[in-house]
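This report sets out selected features of the structure shown below.

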Amino acid sequence: MEFWIIQSLNALSFAMLLFLLCAGLSLIFGLMNILNLAHGSCYLIGAYVALSVYTWSNNFFVGLIGGAVAAGAVGFVLQRFLLQRIYGRRLLQVLLTFGCMFILGDVAIIIWGADPTTLEKPAFLSGALDLGGIFFPKYRLFVIAVGIAIGIGLWLFQEKTKWGAILRAGVDDEQMARAVGINVPVLFTTVFVLGAALTGISGVLGGPFVGVYPGVDLDVLLLAVVVIIVGGLGSMKGAFFGSIIVASLDNFGKALFPELAMFTVFAPMAIILALKPTGLWGRVL
Amino acid sequence: MSSKTKTVIFLFSLVAAFALLPFILSTYRLGLVTSALILAILAMSANLLLGYLGLASVGQAAFFGVAAYAVAIFTRSVDGAAWSAIGMGLITALAAGVLFGPLAIRTRDIFFLVIMLAFCQILYGVAYSWRTITGGDDGLPGLVRPELIAGISLDTPLGYYIFVVIVFLMITGAFWMLVNSPFGLVLKGIKDSEVRMRALGYNVWLYKYLAFIISALIGGISGVLHAYFYGCPNPADFSLIHSSSALLMVILGGPGTLFGPLVGSLIIVFVRDIVSSITDRWLIVLGLAYVCTVLFFPDGLLGTIGKWAEPKISEVKDQAAASTNTPLEAQSTADTLLPTNPSE
Amino acid sequence: MAKTVKKADRAIMIALQIDNVDVRFGGLQVLTMCRLSIEAGEKRAIIGPNGAGKTTLFNVISGIIMPSAGKVLSFDQDITRSPAHVRAMHGLARTFQITNLFNNLSVLENIILGLQALTSTKYIFYRTTSSFTELIDNAVSLLRTWGLEDKKDRPVRSLSHGEQRQLEIILALASRPKILLLDEPTQGLSTAETALVVPMVRSLDPSTTVLFIEHDMDVAFQMADKITVLYYGSVLAEGTEDEIRGNPNVAEVYLGLEGDNA
Amino acid sequence: SEPVKVGYMISLSGVYTALGVDLRDGFNLYMDEIGNKAGGREIKVFVEDKGSNDVSRALDIAKKLFEKEHVDILAGIVGTGSAYALAEFVQKHKIPFVISNAGADDLTQRKNNPYIVRPAFVNSGGSHPLGEWLYDKGYRNAVLMGADYAAGYEHVGGIARTFKQKGGKVVQEIWPPLGTKDYAPYLAKIDRKADVVMVFFAGADALRFVKQYADYGLKGKVALVGKGYLVDDNILEKQADSAEGIITESHYCLLLDTPENDKFRQAYTKKYGHPPTLYSEQGYLTAKLIADALEKTKGEVKGEEFVKVMRSLELKAPRGLVKFDTYGGTNQNSYIREVKKVDGKWQNVPIKTYNGVSQFWIWSPEEFMKLPSYSDMKGKWTE
Amino acid sequence: MLEVTELNTYYGYSHILHGVSLTVKQGEVLAVLGRNGVGKTTLVHSIVSFAKPATGRIKLNREEITGLPTHQIVRKGIALVPQGRRVFRSLSVIENLSIPFPCQTKTRDNSWDLEKTFQVFPTLRARRDQRAGNLSGGEQQMLAMARALVSGPDVLLLDEPSEGLAPLIVKGISEVIQKLAAGGMAILLVEQNFNMALKTAHSVLVMSRGQIVHQSTPQDLAANHEIKARYLGM
Ligand SMILES: Nc1ncnc2c1ncn2[C@@H]1O[C@H](COP(=O)(O)OP(=O)(O)OP(=O)(O)O)[C@@H](O)[C@H]1O
Ligand SMILES: Nc1ncnc2c1ncn2[C@@H]1O[C@H](COP(=O)(O)OP(=O)(O)OP(=O)(O)O)[C@@H](O)[C@H]1O
Ligand SMILES: [Mg+2]
Ligand SMILES: [Mg+2]
């Protein structure tokens with residue numbers, strides 16, 4: 001019994017971590033149809049900057065803001081000066097953001113070195129909480145809470161406000177969107193920056209968990225892509241439940257069939273895609 | 001057709017260039033060309049899917065790696081059978097295509113990209129964890145190039161170069177024939193509008209499947225050549241960086257062009273070589289190369305040069321494309337990750 | 001107002017029969033117990049208010065949508081579950097309401113795709129397309145017939161809206177279908193261009209069955225032998241021009257009160 | 001006369017970048033010290049990035065160094081896959097090959113090669129004394145845990161073999177994949193009967209593992225011991241409290257109080273602004289080995305001969321005295337260390353030294369190589 | 001209200017509009033007729049800045065709007081019903097109607113709300129939550145009109161609004177247009193449907209090869225067989 005409770009909590013906390021990791025990607029993809037392969041770089045830059053700011057200010061939350069701002073700034077440059085020139089050309093976006101991933105990854109090595117590092121969690125969140133005999137790390141509970149909160153917030157933003165509709169309109173037919181009075185370029189830049197900043201935040205919150213090291217950009221990108229694909233592109237709901245599914249399969253797969261650990265992420269994804277080619281909650285594109 | 005004569009002229013100058021290269025290049029440079037050719041073949045297999053079906057695959061390495069491993073495993077267990085080892089490699093790649101095909105071609109655009117990635121990762125996992133057969137993370141070093149025809153050894157850089165050039169030219173020829181055949185035309189039609197093709201009476205599924213299998217086979221050929229070139233199949237053959245670079249070579253050279261993959265692979269191989277001896281942080285330069293390609297040669301190098309050659313027509317074309325009712329619609333070959341089919 | 005040569009000596013064959021077809025999208029019932037029977041060689045117009053289910057009916061016939069109930073028969077063969085390409089092999093061709101061509105291919109290549117659809121050449125991969133001179137000649141002569149020969153090497157996306165609509169029809173005709181479905185063939189064409197379409201359809205081989213959707217009543221009445229009115233997914237009326245014009249229900253839901261055609 | 005050309009191939013991109021940088025810096029430090037000269041000849045070094053896991057790239061670079069730059073000696077190499085592939089390459093082209101890091105057992109055991117000398121370590125080499133030491137400390141029931149690849153099996157297997165031989169018991173084996181992000185499902189599985197967990201993780205994995213081990217309240221309950229990489233000097237500061245008390249074995253220890261190490265540490269810190277790691281020391285020793293051999297041969301490099309000379313040297317290294325056996329592996333000290341706070345800083349403090357440990361431990365080479373390899377033993381330790 | 005003077009527009013090297021001038025007054029419906037490809041859509045596109053005119057000026061309520069970005073022009077009081085509908089396919093009907101930016105018009109009270117829109121197009125109410133991409137062709141056309149109306153513009157540009165609509169609806173639309181004009185809106189109507197245009201408009205323009213070749217009242221045009229034969233192929 002204890003085994004199942006702990007493993008379920010593990011799965012849930014990993015799920016929320018995954019959700020944090022993929023929310024920014026899903027937001028940008030869902031609303032703007034851009035697959036931002038530099039997503040992992042936003043994580044990386046966000047986490048590193050947060051680390052520097054945190055060390056300097058000695059305050060986790062100041063670090064958090066620093067990380068979000070830095071990642072947002074990366075997003076701004078990427079969208080405003082690069083992506084906007086190749087609007088709507090998916091494959092070029094893939095190539096461009098992939099190139100940016102290389103560049104940012106190397107820039108990070110130059111600035112912060114190559115040693116793996118991690119963000120220290122704030123003191124009040126370290127240690128484990130006693131849940132009636134079962135010890136569970138406080139920080140993980142915190143991640144669960146934050147994940148759920150961000151999930152609800154984004155869902156409301158995307159589905160329940162006009163913003164979501166306006167953005168999707170811009171994606172459907174950019175020219176017509178301008179013709180109903182929407183300032184599309186500014187709008188897109190704003191959303192992209194928001195998505196990037198969110199990713200930066202995930203870098204800060206995930207930092208104590210996953211760590212920051214050269215190559216984490218690709219690791220994070222892969223996980224995030226898997227999640228939003230399983231959940232179905234373009235829906236926050238998909239990203240949220242996709243995280244839970246991927247995390248549960250991964251967690252219980254590893255716990256129960258450790259020899260299959262290498263396959264717990266990608267094999268289920270291949271199966272899900274083969275059965276449902278647009279992901280579980282996918283919007284028809 | 002003038003484009004046909006152009007292709008023929010180009011092909012002849014290419015053969016001449018390949019014949020001359022051994023006299024002007026150092027052994028090392030010749031080796032680089034060899035490896036670029038091997039990668040170009042892999043890129044061609046990606047090009048078949050991307051340039052002619054609009055499916056971007058970051059999983060071509062699946063076939064590549066599978067073939068490379070098959071050669072090494074077969075050579076280890078049955079010795080002295082070079083031809084059959086090569087045959088084994090190709091059959092395995094083909095089998096992988098036959099097996100994955102039905103799953104993969106159900107999906108489209110980004111989903112296709114990712115399901116191929118998943119196949120690759122799964123095979124990576126197999127290669128990594130099935131130590132007894134695959135050697136785990138150390139791979140299977142020690143594959144020696146065979147003597148295919150008595151007396152002619154491939155074990156010299158020059159010998160192998162010639163072998164690879166011959167294979168490359170054969171595949172290029174076959175590829176040219178394929179894409180200019182009725183079969184190839186059908187593929188291009190599918191890329192533009194699947195629904196319409198079905199309504200006309202084409203079994204779209206079958207075509208996609210066949211193209212997928214052919215692409216798997218070409219990827220397998222590249223894998224076999226690769227296996228003998230380095231003599232050491234290893235899990236990195238399945239890595240994301242590896243397969244994505246095949247895709248990037250296609251985009252760089254120009255998707256849907258015959259020689260785009262070659263141009264792309266030559267550029268990447270040589271840029272990497274030159275830059276990496278100048279600076280440790282050569283990835284920045286590689287990344288910049290990608291960014292600049294996108295900004296300045298958005299249709300790939302060959303595509304963009306093709307445009308310069310006929311500026312007026314292209315401008316009109318561009319405008320016309322921009323004014324259609326669906327501005328998101330693919331405007332050129334490089335955008336076809338998402339063929340917007342008005343599927344009513 | 002018979003406009004075709006009567007083929008009295010020919011035994012009546014049913015080219016297409018729609019039997020109680022239902023289609024629903026989620027909660028929305030689009031076709032309800034829809035029935036239709038069309039004789040071989042007949043030219044039949046389908047009219048009806050927007051959203052009546054006309055295009056959906058075409059999608060069912062051509063195999064793009066599977067009905068939730070009912071049957072589709074073609075020359076006594078049940079094709080309800082056949083995939084689209086199999087139906088096309090049986091001789092069924094269609095155009096699309098929203099132009100659906102191969103935009104990046106040349107006009108000639110578009111036609112070739114139409115021509116070879118029902119031949120075995122389409123699987124050949126060891127010969128270039130241009131070496132099939134007969135095929136090319138056929139394609140060119142088809143284009144010549146429709147006055148598009150000089151545009152044959154232009155990419156389709158650079159054609160004008162009207163030319164694209166024309167090509168849409170030629171493409172469907174290329175495979176010499178036994179049954180041709182035209183979804184609003186004159187939509188977006190100017191009066192002058194519309195005037196070209198009517199004779200084009202009338203000049204088809206008389207054995208070709210044509211089913212078309214049209215909102216321009218002049219065109220509908222000129223081209224059709226018989227007219228079916230679809231309303232909320234079922235057939236409201238069926239008959240000749242005079243019967244339809246005289247039908248008060250049709251006038252009310254579709255034509256407007258005066259029922260004039262200006 | 002012509003300079004001696006050395007190709008130094010390390011990882012400057014990918015997951016091994018941190019190691020590569022240190023290997024390079026250590027190497028350069030020694031070269032600076034001797035003014036890039038030995039045996040009367042100038043030494044010209046070509047530093048190349050071989051990537052992290054990409055064997056083909058490593059071979060490309062080796063070819064480049066050999067065919068284009070005509071190097072006399074190849075050195076470096078972080079990952080074992082590349083090392084195996086290069087072993088064939090150097091044998092074919094008769095180039096001395098100095099391995100600065102790759103630790104796979106068989107490189108200097110079952111697949112030994114007359115062109116290889118390895119002034120670094122052998123994966124299982126230092127594990128053997130640790131296993132005995134743990135038994136002597138009173139531990140009896142062990143859980144084995146390591147990254148699921150050959151290095152993991154060898155590092156951990158070495159500890160298990162001597163531990164079991166003395167009478168200890170292995171109750172469980174857990175092998176999470178390399179690069180695991182969340183160790184929670186594995187940590188929750190650890191058998192609470194165990195009194196010690198023997199692990200091998202490195203780099204970012206080690207950082208995460210140690211923190212998550214503490215997060216789950218296991219720290220202090222079940223002893224965590226392993227190979228030095230678990231609490232490498234470059235990550236220890238980040239692990240901080242969570243690493244407290246962890247016992248590890250390593251062939252190097254920053255705090256060693258020997259004249260060689262003091263000198264090395266000071267020079268290194270002065271040059272690069274931070275203290276060295278064991279990788280820095282390995283790079284340093286690689287350079288020293290090549291230079292000393294050149295001194296001895298008066299600058300002459302002749303394939304197999306030169307390797308023989310290198311193998312015959314006794315080096316006074318920062319890590320202690322290093323000798324080589326006829327397989328190209330090391331006889332060197334093995335340090336058992338504990339993580340403690342020293343002067344307000346977390347440090348690996350040496351608590352026991354085993355001198356001159358052979359890669360074959362107490363066995364003769366033949367005996368040892370007849371035993372099943374550690375990779376084959378994976379999954380069978382609990383029997 | 002809308003004043004276009006000497007507009008010249010190019011696509012690449014091809015000169016499409018040759019000095020087109022026109023004025024649409026408040027409460028007026030001005031119809032533009034012409035064969036396929038004469039430049040009618042290009043004219044409309046030039047006004048909303050989809051295509052950039054090389055020379056010429058456009059004024060809205062005497063204010064110069066030439067060269068402004070599309071979204072600003074639109075916010076000043078112009079709405080467009082484009083050719084080919086171009087509804088936002090992935091949005092629901094209601095979302096399509098909720099996003100247009102309200103025009104900042106000062107000239108008259110022209111507030112539109114959803115209710116009013118649904119009264120004109122009751123089908124849309126029934127399809128409220130359906131994805132616009134799945135609407136039938138005609139429903140999409142209605143939605144495109146409704147979308148233009150909800151922003152409450154001064155000037156409405158309609159590019160072939162009757163395309164693909166059933167006769168009854170065409171009639172309905174014609175009436176709506178007349179009503180809107182009566183309420184003070186200025187309407188530029190591009191049409192292929194000759195009868196509908198004549199019935200709806202106060203004044204008619206005929207275009208040929210990018211030039212305006214005829215301007216008159218509908219009645220005069222109906223009687224002018226030469227113009228009809230020469231420029232409209234009738
Ligand atoms: N995929 C779909 N999902 C949901 N509803 C759909 C779908 N396709 C069509 N509909 C609905 O079904 C109804 C019938 O559509 P259909 O396209 O057949 O109409 P139509 O008779 O062709 O109209 P029009 O003359 O305007 O083209 C419409 O109300 C439409 O909104
Ligand atoms: N983006 C473009 N690039 C180049 N030429 C174009 C472009 N758009 C339109 N044209 C050409 O400009 C001319 C005018 O086109 P326009 O779309 O304005 O015609 P139209 O009068 O609206 O015709 P229709 O009645 O068919 O809609 C046509 O000859 C067309 O081919
Ligand atoms: Mg319709
Ligand atoms: Mg127009």
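In chain B, the residues Phe183(B), Val186(B), Leu187(B) and Ile190(B) of helix α8(B) are in contact with Val204(B), Tyr207(B), Lys208(B), Leu210(B), Ala211(B) and Ile214(B) of α10(B); contact means heavy atoms within 4.5 Å. Helices (H or I, at least four residues) and strands (E, at least two) are DSSP runs, numbered from the N terminus. The axes of α8(B) and α10(B) are 10 Å apart, and the two helices pack at an angle of about 110 degrees. That angle makes α8(B) roughly perpendicular to α10(B). Here axes are lines fitted to C-alpha atoms, for helices over the stretch in contact, and angles run from 0 to 180 degrees between N-to-C directions. Angles under 35 degrees count as roughly parallel, over 145 as roughly antiparallel, 65 to 115 as roughly perpendicular and the rest as oblique. The crossing of α8(B) and α10(B) is left-handed; a crossing is left-handed if the near helix is turned anticlockwise from the far one by less than a right angle, and right-handed if clockwise.

The model is predicted: local features need pLDDT of at least 70, side-chain atom pairs count only at pLDDT 80 or more, and totals for chains, interfaces and linings use all residues. Residues are numbered from 1 along each chain as its sequence is written, chains are lettered from A and ligands numbered from 1 in the order in which they are written, and side-chain values use heavy atoms, with hydrogens and water left out.

Helix α10 (residues 204-230) of chain B also packs against helix α2 (residues 55-68) of chain D, where the axes come within 11 Å and cross at roughly 50 degrees. This makes α10(B) oblique to α2(D). The contact involves His226(B), Phe229(B) and Tyr230(B) on α10(B), and Ser56(D), Leu59(D), Asp60(D) and Lys63(D) on α2(D). The crossing of α10(B) and α2(D) is left-handed.

Chain B as a whole has 15 helices and zero strands. Of its 344 residues, 62% are buried; buried means under 20% relative accessible area, exposed over 50%, and partly exposed in between (1.4 Å probe, protein chains only). Among contacts in chain B between residues at least 6 apart in sequence, those joining residues at least 24 apart make up 76%.

Helix α3(C) is mostly covered, with nine of its 10 residues buried. Among the buried residues are Val107(C), Leu108(C), Asn110(C) and Gln116(C). The cover includes α8 (182-192) and α9 (194-200) of chain B, along with α4 (133-145) and α5 (161-174) of chain C.

Donors are N, O and S atoms within 2.8 Å of the metal (3.2 Å for Na, K and Ca); water is not among the atoms, so sites may look incomplete.

| Ion | Donors | Distances |
|---|---|---|
| Magnesium ion (ligand 3) | Thr55(C) (OG1), Gln97(C) (OE1) | 1.9 to 2.2 Å |
| Magnesium ion (ligand 4) | Thr41(E) (OG1), Gln83(E) (OE1) | 1.8 to 2.0 Å |

Gln97(C) is buried, at 11% relative accessibility. Gln83(E) is buried at 16% relative accessibility.

Arg86(E) is likewise found in the loop between β6 and α3 of chain E. Its phi is positive, about 45 degrees, although Arg86(E) is not a glycine, and its relative accessible area of 5% makes it buried. Most residues other than glycine have a negative phi. Met33(C), in strand β2 (residues 28-39) of chain C, has a positive phi near 45 degrees and is partly exposed, with a relative accessible area of 49%.

Ser49(E) is in the loop between α1 (40-47) and β4 (53-60) of chain E and has 4% relative accessibility. Leaving aside neighbours within four places in sequence, Ser49(E) is in contact with Leu68(E), Thr70(E) and Ile73(E). Lys211(D), in helix α7 (residues 203-215) of chain D, is buried at 7% relative accessibility. Not counting residues up to four places away in sequence, Lys211(D) touches Thr118(A), Leu119(A), Glu120(A), Lys238(D) and Ser242(D).
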